[in-house]
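Please look over the two-chain model shown here. The report below takes up the interface first, then selected local features.

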Amino acid sequence: MEIKTNQIGDLLRNQIKNIDSDIDINEVGEVLEVGDGVARTSGLGNIMSSELVEFPNGVFGMALNLEEENVGAVLFGDSSLIKEGDTAKRTGRVAEVPVGEELLGRVVNPLGQPLDGKGPINAKETLPIERKALGVMSRSPVNEPLQTGLKAIDSMIPIGRGQRELIIGDRQTGKSAIAADTIINQKSSHDTDSPVHCIYVAIGQKASTVAKLVGELESNGAMDYTTVVVANASDPAPLQYIAPYAGCAMGEYYRDNGMHALIIYDDLSKQAVAYRQMSLVLRRPPGREAFPGDVFYLHSRLLERASKLAKDLKSGSLTALPIIETQEGDVSAYIPTNVISITDGQIYLNTSLFNGGVRPAVDVGLSVSRVGGNAQIKAMKKIAGKLRLDLAQFRELEAFAKFASDLDETTALQITRGRRMVEILKQNQYVPMSVSNQVVIIYAAGKGYLDDVDLDRVKEFEVGLLEYFHTKHSDCLDQISQEGDISDDLEKAMNTGIEEFKKTF
Amino acid sequence: MKQNHKKIKIYSEAFCSLVTNFQEFQTTKIMLNDFVVLMKKDSTISAFLQSKSIDRSQKVGIFKNALNDVINNDLLNIIIVMVENDDINLLSDVNKNFLSLAKEKLNVAYVEVVASFDMADDSKNNLLQELKTATNKEIDLNFSVDKSLIGGLKIKVDDMLFDSSLKTKLENAKLKLIGV
């Protein structure tokens, strides 16, 4: 292609003509010292807390420590580009990010700048990353379900829109997988009148892991309604620190406009570590596990922003699924206990269950949802009411059964059913299931229709039964999803359907 | 560190109490500034002041003899107290603190003008008058030349920077063109 120098020259000249020729007026300070991602500056007497500061070479920072003699600003860019004596300019803006539907399908950094090479984001609105959580009067109780598409969770640890449900477990137990499945499952909500938009905040993860997840979301068509906010392990600690707040601001846009959003913080342990690093270099006094004194507030003010709004505020919601990684299953460490106490329940993932092939490896005994039960559909409530207890009893009996060879009939039946229940609750990754399908299969297992099915054929039975219902009894499935309840007639129809299928199995 | 902070405050307040008008401020500022530069750059003086083998009274005597007729008595006395207390190494910080205290006391604005060329005296005077009118303060003016500005001026009044340099305009243009 011929390069038209004249044309380029004209274009540039036109652009330069349009540039504001006014004098640049700024309040400035001088960099006194810089290092470890923190710059200390003199001057900047009128700076606000959390205000963005501009340094040379396009590096931005955020003023955090406003001291008598100097201002400590954390840097969002390469600190080696700044030297002592450089000018630091006030911007007059607190850190903010673009928000809106223009961000859907995009991968951005915590400053809202695109990382996916799909061009600039032409968002019309911005919101400050730090916003005060709404007060009591603006909220309403959680009353709408948020389906994860995972049988084990939707039945026993239901999540409601506006809830904060912690996903906690050791490394490699499938925490991110639950988050990804939940995002993929929201696709079905986009066929309804209350779609759920998703924000996935990746903090301190390997870039390759994030790329893989984005690929999976794309191949499942989930990126159309998802924004991914990334602060990789190689990014400066301040970026990792602000990433959840930036993602939360993006989610609040949907909530405040009467829409629904789901935000996943993957994970807050790494954010706490980044905050610890920042606090130590800012010379804030260290406390337990060297975390600063306000590490509880770090997470509480973030998670408190997830909420279900009152009717007069358009009933929008922001559901938060924070993830915390434990070390050797220690849930009593500082950060896990903090976040457990803040959230409305936790999904605890167990390494031994995971290694034993139970995936998702949800530990029913340690997992709880404090408010989600109110949001669960009646049909699921009816069939899952006893499921949790049955499973707990099964786990207890199973331990005994390992030592005893002769078991009475009731115990043997409980163990048989329990084993099938566990098998039913297993689910492959990236295959979320609709709530009507979940109801049918859990109902069948709970009623004992699977008791005489070989354990290794349970999966086959499940697939076959659902296929059968979709072809022959789709009215049952429609009725469950529309009415959300199991009437006597529907129960009869379901029994008939299951029995018919069993004859052919 | 905290102890030094206290000492710096006391010495700078002492220097500040000596200045009652802009003229005295300018004289004291220049003298202190020269002293700081001398201590930093002249290795003989620096070694003499930091030497532990030379008696403090000997140091004081040398100071008195050398500077008695050169600088104001009150000023010299404060410096001698600093030498006696072995605090003369704090002079640079004391100078900084003195400047900010005196500026506040005498309503003086510190103005730094950076130009891409050496300005004529007339222009400097005009600028000084304009700044006095604009700020309604006495102006402590400092000129310097930085050819990298290409054209225009940078005027820093205390913490406010008024930048009309071509260099900054081009940098802003660059940012606009790349869409940052």
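## Basis

This is a predicted model: local features need pLDDT of at least 70, side-chain atom pairs count only at pLDDT 80 or more, and totals for chains, interfaces and linings use all residues. Residues are numbered from 1 along each chain as its sequence is written, chains are lettered from A and ligands numbered from 1 in the order in which they are written, and side-chain values use heavy atoms, with hydrogens and water left out.

## The interface of chains A and B

Chain A puts 16 residues in contact with 14 residues of chain B. Contact means heavy atoms within 4.5 Å. The size of an interface is often given as the accessible area lost when the parts come together. Here the buried area is about 1,400 Å². Carbon and sulfur atoms give 65% of that area. Buried area is the accessible area (1.4 Å probe) that two parts lose on being put together, summed over both.

Three residue pairs are in polar contact between chain A and chain B, both residues at pLDDT 80 or more. A polar contact is a pair of N or O atoms within 3.5 Å; within protein, one must be able to donate a hydrogen and the other to accept it, and residues adjacent in sequence count only if both atoms are side-chain atoms.

## What chain A supplies

On the side of chain A that touches chain B, helix H1 (5–18) and strand S1 (24–35) of chain A each supply at least two residues. S1(A) gives the largest share, five residues. By class, this side of chain A has six nonpolar, five polar and five charged residues. Ala, Val, Leu, Ile, Met, Phe, Trp, Tyr, Cys and Pro count as nonpolar, Asp, Glu, Lys and Arg as charged, and the others, Gly among them, as polar. Helices (H or I, at least four residues) and strands (E, at least two) are DSSP runs, numbered from the N terminus.

Four bridges join S1(A) to strand S4 (residues 160–163) of chain B, and the two run antiparallel. Two strands pair if DSSP finds at least two bridges between them. Within this pairing, Asn26(A) stands opposite Leu161(B).

## Val28(A) in strand S1

Val28(A) lies in strand S1 of chain A. Val28(A) is buried, at 1% relative accessibility. Buried means under 20% relative accessible area, exposed over 50%, partly exposed in between (1.4 Å probe, protein chains only). Leaving out residues up to four places away in sequence, Val28(A) touches residues including Gly43(A), Leu44(A) and Thr87(A) in chain A, and Lys156(B), Asp159(B) and Leu161(B) in chain B.

## A covered strand

Strand S5 (residues 71–75) of chain A has five of its five residues buried. Val71(A), Ala73(A) and Leu75(A) lie on one face, with Gly72(A) and Val74(A) on the other.

S5(A) runs antiparallel to two strands of its chain. Four bridges join S5(A) to strand S2 (residues 38–43), where Thr41(A) has Val71(A) as its bridge partner. Five bridges join S5(A) to strand S4 (residues 60–66) of chain A, and Asn65(A) stands opposite Gly72(A). A hairpin joins S4(A) to S5(A) through four residues.

## His473(A)

His473(A) sits in the loop between helix H14 (458–472) and helix H15 (474–483) of chain A. His473(A) is buried, with a relative accessible area of 12%. The side chain of His473(A) makes a polar contact with the side chain of Glu500(A) at 3.1 Å. Leaving aside neighbours within four places in sequence, His473(A) is in contact with Tyr468(A), Gly497(A) and Glu500(A).

## Backbone details

The peptide bond from Asp266(A) to Asp267(A) is cis, with omega near -5 degrees. Asp267(A) is in the loop between strand S13 (260–266) and helix H6 (268–281) of chain A. Arg359(A) and Pro360(A) are also joined by a cis peptide bond, with omega about 5 degrees.

Ser50(A), a residue other than glycine, has a positive phi near 70 degrees. Ser50(A) is buried, with a relative accessible area of 16%. Ala290(A) has a positive phi near 65 degrees and is partly exposed, at 29% relative accessible area.
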